[in-house]
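Student: Hi! Could you walk me through this model?
Tutor: Happy to, ask away.

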Amino acid sequence: MSLRTFIAVELDVPILAGLVRAQGELASVGGKINWVARANLHVTMNFLGDVADEAIAEVCRRMAAAAGRVEPFEFAVRGLACTPSHGPVRMIWGLVDDPSGLLAVLHDELANQFASMGLRQENREYRPHVTLARVKYVENPARLRGAVRAFADTEFGAQHGEELVAFTSTLTKEGPIYAPLARAGLGK
């Protein structure tokens with residue numbers, strides 16, 4: 001057996017509340033848009049895909065090792081954006097502002113740990129974000145882009161990044177169900 005696994009930073013309640021309010025306002029645009037449930041909003045650090053059951057303990061151990069090498073830091077969620085920036089909209093993101101650059105450092109630490117295990121690696125630059133929606137179809141993409149652009153300068157809040165969480169993701173017809181596997185404090 002295997003578990004669909006990813007590493008993330010959870011969001012504080014005020015940030016979640018603001019993002020959920022924005023989702024509600026944007027839902028009026030219509031179309032076939034899969035909105036991410038409040039309980040599933042997070043900053044993904046590394047998506048590992050299917051990990052064999054026997055490797056899960058080692059993934060959690062290596063996550064803790066990487067977390068121990070990076071001190072806690074502050075980041076903020078500021079603004080929303082559509083991706084890609086041109087053509088059909090595929091996703092709506094909350095933009096993460098990390099002036100310390102430590103999210104990227106942490107991502108790289110994790111990637112190095114998991115690469116040596118032969119686990120899935122991204123082939124693109126890490127861009128911290130919060131996925132709010134996956135867009136299947138909208139009749140008027142320009143209207144959606146305009147509605148999202150109205151949130152470009154919205155301050156959703158700042159928080160301390162103090163912990164990593166390894167999650168499993170079970171895909172269901174109603175959407176994914178995330179369950180925490182392990183937690184690791186930063187700088188510990």
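Predicted model: local features only at pLDDT ≥ 70, side-chain atom pairs only at ≥ 80, totals over all residues.

Student: How many residues does the largest nonpolar core have?
Tutor: The largest nonpolar core has 52 residues; such a core is a set of buried Ala, Val, Leu, Ile, Met, Phe, Trp, Tyr and Cys residues joined through side-chain atoms within 4.5 Å. Ile7, Leu11, Leu19 and Leu164 have the most contacts inside it. Buried means under 20% relative accessible area, exposed over 50%, and partly exposed in between (1.4 Å probe, protein chains only).

Student: And which helix gives the most to this core?
Tutor: That's helix α2 (residues 56-68), with 6 residues. Helices (H or I, at least four residues) and strands (E, at least two) are DSSP runs, numbered from the N terminus.

Student: OK, what is Leu19 in contact with?
Tutor: Setting aside neighbours within four places in sequence, Leu19 is in contact with Leu11, Leu41, Val77, Leu80, Val130, Leu132 and Phe156. Contact means heavy atoms within 4.5 Å.

Student: Is Ile15 buried or exposed?
Tutor: Ile15, in helix α1 (residues 13-26), counts as buried because its relative accessibility is 1%. Beyond neighbours within four places in sequence, Ile15 is in contact with Val77, Phe156, Gly157, Ala158 and Gln159.

Student: Switching topic: at what angle do α2 and α3 pack?
Tutor: α2 and helix α3 (residues 102-115) pack at about 145 degrees, with their axes 9 Å apart. Axes are lines fitted to C-alpha atoms, for helices over the stretch in contact, and angles run from 0 to 180 degrees between N-to-C directions.

Student: Which residues make the contact?
Tutor: Val59, Arg62, Met63, Ala66 and Ala67 of α2 meet Leu106, Glu109, Leu110, Gln113 and Phe114 of α3.

Student: Last one: why is Thr131 called buried?
Tutor: Because its relative accessible area is 14%. Thr131 is found in strand β6 (residues 129-137), and its side chain makes a polar contact with the side chain of His129 at 3.4 Å. A polar contact is a pair of N or O atoms within 3.5 Å; within protein, one must be able to donate a hydrogen and the other to accept it, and residues adjacent in sequence count only if both atoms are side-chain atoms.

Technical notes: Residues numbered from 1 in each chain as written. Heavy atoms only, no water.
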